[in-house]
Amino acid sequence: MSSAPILVVGGGPAGLTAAHALASVGQPVVLVDKADRLGGAPILSGYAKLVPSGEWARDAIGGMVRRVEQNPLVNVHRNTTVAAFEGEPGRFRARLSNGQEIEPAAAILCTGFTHFDSVNKPEWGFGTYPDVVTTTQVEQMLSSGRGVHCPSDGREPERVAILLCVGSRDRQIGREWCSKICCTVSANIAMEIREALPRCQVYIYYMDIRTFGLYEDKYYWASQEEYRVKYIKARIAEVTSDGKRLIVKGEDTLVKRPITIPFDLVVHAIGMDPNVDNVLLAATFGVKLEPHGHIARAPTYSAMGGTSRPGVFVAGAATGPETIDDSIAQAQAAAMAALAFAQGGLARAAE
Amino acid sequence: MTEKQGAYTGFGPEWQESKLSPQEAQRATSWVEARIDRRSMLTGKDRVEDVRDALRELEKDGEIVVHRITEQHEPVTARTLYGWTKKIPTNQLWHHKSCGQCGNIPGYPTSLLWLMNKLGTRYLDETDQTSCTAWNYHGSGIGNVVSLAAVFLRNFHQAYVSAKAQGLPEGYYYPLVHCGTSFGNYKEMRHFLVHSPQLREQVRKILGKLGRLIDGKLLIPEEIVHYSEWLHVMRERVREHQVIDVSHIRATVHPACHVYKMVPEDVIYDETVLDGNRVAVSTGLLQTLGAQVIDYSTWYDCCGFGFRHIIGEREFSRSFSIDRKIKVAVEEARADVMIGHDTGCITTLDKSQWIGKAVDKIYELPIMADCQFAALVCGAHPYKLAQLHWHASPFEAFLEKIGIDWQKAKAEFDAYLEEVKAGRIETLYDPKRAITSGPGFTRPAQIGTSTAGS
Amino acid sequence: MDEQVAVRPHPGPAADPVSENPPVAREKLEEIFEDIRNHPLYDMELHGCLNCGICTATCPSAHYYDYSPREIVQLLWTENLEGIYDAMQEKIWACAQCYTCAARCPFENSPGGLVMIMREVAIKHGMQSAKDVLRPFSRVLLKVISTGNQLAPNMITRDAFPDWGPNVSKVSAPLDVLRKAIPVPTMHTTDTAWIVNLRTSVELYTIWEETGVLQQIEMVDENLFDVIRDVMDEKREQYEEWLLEQEEDEHEA
């Protein structure tokens, strides 16, 4: 087994998985995270119950954090970024922002994504009206135990609209991708709201519903059958206010007429942007980005987990919108690829 | 949804609960709340094309000439929807007038020129220009992309060479577009010209025939600038001339579709105006002048002008403007005035109110342009300068509310009309400057270049 | 040739069983659609459709007419030739051309732009809807084609706009006096919005000629076309005379 560590960048679900997987076969790991704690988006953004396990993020991801933090083979650097990454396979050198230098055998980028900032779609009222919030904020309302409420005056909403594809599937703002998770997350949130506030009506406005695979009946159907969540095929044009409630303008595309409906709370199902740091990361690690700005992957069929640079691997939402479960699976795969690469390097050295 | 709260399913035996304290959970919450309240992610040019970059590329390739905003135009930089920058020239401006404004709301351009005199801005208002012809096109379907593009480049070429009539160099004046539809249409044409070599070729042939090429190439302006953008970046300087307090005035803004919805990435959004969440022009000016700007639920709605409808199907125009704009501004926002920044909207919102009486929809909401409002609060005469007598909506009560004695002003104007009849006419600039070629043209040596009129 | 036609099953004319209008031949429908699809802007205005309805949601005309920009886009995208023809008879003229649809569409389609393409094609084919709709527009067309100004002060009269109120101006005086009381010299005129330089209108006329706009007018209103030609021929002569005078002056000097 190599004594040179493998560098894992990012301590979210993917990074934690890769670090754990490598350490569990005796491979030393250096785990770097720019935040002051591990856990990534589910912890930093205060997610509530995760899809599809239904476990609280602070429990599920918190457990993954602890598992890594307690492993002596994982050397964790918080509040740290990678300042430089140079050299050839077998002779990589990385300098961390805390001044430390290491010679990793390989690197895995688990650098995740950035939540879409709804302010970029001003016509949907976020930033103008306090009762227009994002799915992330509703997650926080639930996870912090404060309950779902209208931020303006704290009242419990009677009518909630969830707008899908905010920051996704929208050429107007250069975000043509589907963010993959928002349909299911929104169905989940809708059910949680209905459970917490049984008198509250929840409407989901959609272009298409993509609760793929096993999420169909568990989320899309269940939210209708068991929780009476209403789905309306319409992309909302604008959110305004008459001074009392929020006013939502849409077309009911099935009856083909424009509609104007009042709501207490409007929730933006925000998409997953490429990490804001991706241009910097790409330059530092010498890897290419795909056209949307995510980290470009090597061919899946022959080089799962690879990037455009040999010895640098990638997993999770760094490659594009991704679920937590799939990020974990990808990280296991990338760990295997990185380990094989590191051992290949040893073999090359021995020859 | 899980059988046991906090239990783990399928991740291995070493798992345990994190047991975050309420403080830790709160900390997790506050992180995003603090961060997401700002426009932290700008829409990068790798995601959305900036046509101005494409323009510069075409110039590099020797395809076109770009009319640039230079130091002489004293540009001020503004931020647009995605955080990009746009140069707004503030001096040496060529007035690209609006046919609807000049024909129908003459106090609109008059107020703008008056403000420019007040601020010492050099400008040229000349007779060598046409309408953009987009009102006609959108209304009737007569015209096409080639004719619209040719008209665009003809007028902007004239702006470029106009100063030669005064013995000044080419490019001295930069075009300032008065009409919102012209502004939107010209930006669309710029987009089509940049993306279609065939269109460029067709238009090049026509402009060649008119003698309106520069070195055999099309001349395209670096920025297409609306007068409301000039007014926006000048708003602090306008305030220096304010003589009337409007802090008690509840103003509603009607933003114009062709100003901020056409080519939306080119529109000014200012962090200091409604947190950058709504188009900044007009609202920023009103706030700077101290008026209360009141939001209302149909803010995004159009006015009902319809281009064709205002001429041949006004049932639609007036129903829409009364029900979706005027009524809401009066009943919901309790507005004293509605301020616009485009020709068709002001016409529709202003002229549609009178007929409401026939169907018991009685509203009296003054409608005027942002520059008329600004001129009034800077002491412009409501009739002689702001020319409010052309407005159909009642403005007298509003004038009283801001302390202007309209009866006295009207009497003064009546007296002035007698002077006009006797040929004693006051103008904002030397009328000789308006003619730059053809019959009536006076050579440069004979006219001064100052902005002040007789 | 004849045999081929006979063998090929003819799709038959598009016919509405409850309509008294004569059916339209399939060839005609195809010709109209080809003109739409081959318009230079078609591919810039239509990319696909997610059927999300944001265009109709925000459409002012959809509130007052049986008109839906989403329907227009769907008809074009699915190449529903009868539906397209039908929409061109009436619906496309309901659009208010505000372009809110284009500003909102996540696919960056421009339903308003597509409507303009359909209007152009309706005019090209001399469709009755275009002629009917443009009748009240002829005064404006004459003005804009012959002067380059869409609107003139003397067009705003009580007769033309009876619903705008009793007075064009709240100060009563002859129109030319009121116009001269506007302190901007270019506006001291009543039959154009501003005084238009002679050269300018002659240049604009060349643009109309070169871009096929005069043929458009001839198609929808032959009388108007004749009037415009007379007016513009006169202006051209006037300008050429002036140019000659200038040359002579220079020779003398």
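Predicted model: local features only at pLDDT ≥ 70, side-chain atom pairs only at ≥ 80, totals over all residues.
**Figure 1. The two domains of chain A.** Where they touch, domain 1 of chain A puts in 15 residues and domain 2 of chain A puts in 18 residues. The domain 1 side of this contact in chain A holds seven nonpolar, five polar and three charged residues.

**Figure 2. An open parallel sheet in chain A.** Five strands of chain A line up in the order S9-S16-S10-S11-S12. Their pairing is parallel, and the sheet is open. Strand S9 (132–134) and strand S12 (230–233) of chain A form the edges, each pairing on one side only. On average, neighbouring strands of this sheet are turned by 25° against each other, direction ignored. In general, strands of a sheet pair through backbone hydrogen bonds, either parallel or antiparallel.

**Figure 3. Strands S10 and S11 of chain A, with a helix across them.** Strand S10 (residues 159–166) and strand S11 (residues 201–206) of chain A pair in the parallel sense, over five bridges. A:Ala161 stands opposite A:Tyr203, a residue of S11(A). Helix H5 (residues 182–196) of chain A lies across S10, S11 and strand S16 (265–270) of chain A. Helix H5 of chain A runs at about 170° to S10(A).

**Figure 4. The two domains of chain B.** Chain B divides into domain 1 (51–228) and domain 2 (242–420). Their centres, taken over C-alpha atoms, are separated by 26 Å. The contact uses 36 residues from domain 1 of chain B and 36 residues from domain 2 of chain B. On the domain 1 side, several elements of chain B supply at least two residues each, including strand S2 (76–79), helix H3 (99–104), helix H5 (134–140) and helix H7 (180–195). The largest share of that side is the eight residues from H4(B). By class, the domain 1 side in chain B comprises 14 nonpolar, 17 polar and five charged residues.

**Figure 5. Chain B against chain C.** Here 85 residues of chain B are in contact with 68 residues of chain C. Helix H18 (residues 406–421) of chain B gives the most to the chain B side, with seven residues.

**Figure 6. Chain A against chain C.** This contact joins 16 residues of chain A to 17 residues of chain C. Strand S14 (residues 246–252) of chain A provides the largest share of the chain A side, three residues. The chain A side has five nonpolar, three polar and eight charged residues.

**Figure 7. The fold of chain C.** Chain C has 15 helices and zero strands. Its radius of gyration is 24 Å, well over the 18 Å that the globule rule gives for 253 residues, so chain C is more spread out than a compact globule. Along the principal axes, the C-alpha atoms of chain C fill a box of roughly 80 × 50 × 40 Å. Of the 253 residues of chain C, 45% count as buried. Among contacts in chain C between residues at least 6 apart in sequence, 65% join residues at least 24 apart.

Methods: Residues numbered from 1 in each chain as written. Chains lettered and ligands numbered in written order. Contact = placed C-beta atoms within 7 Å. Helix = DSSP H or I, 4+ residues; strand = E, 2+ residues; numbered from the N terminus. Rg over C-alpha atoms; globule rule 2.2 N^0.38 Å. Buried ≥ 20, exposed ≤ 12 C-beta atoms within 10 Å, placed from the backbone. Domains from an automatic or database assignment. Nonpolar A, V, L, I, M, F, W, Y, C, P; charged D, E, K, R; others polar. Pairing = 2+ DSSP bridges. Axes fitted to C-alpha atoms, helices over the stretch in contact; angles between N-to-C directions.
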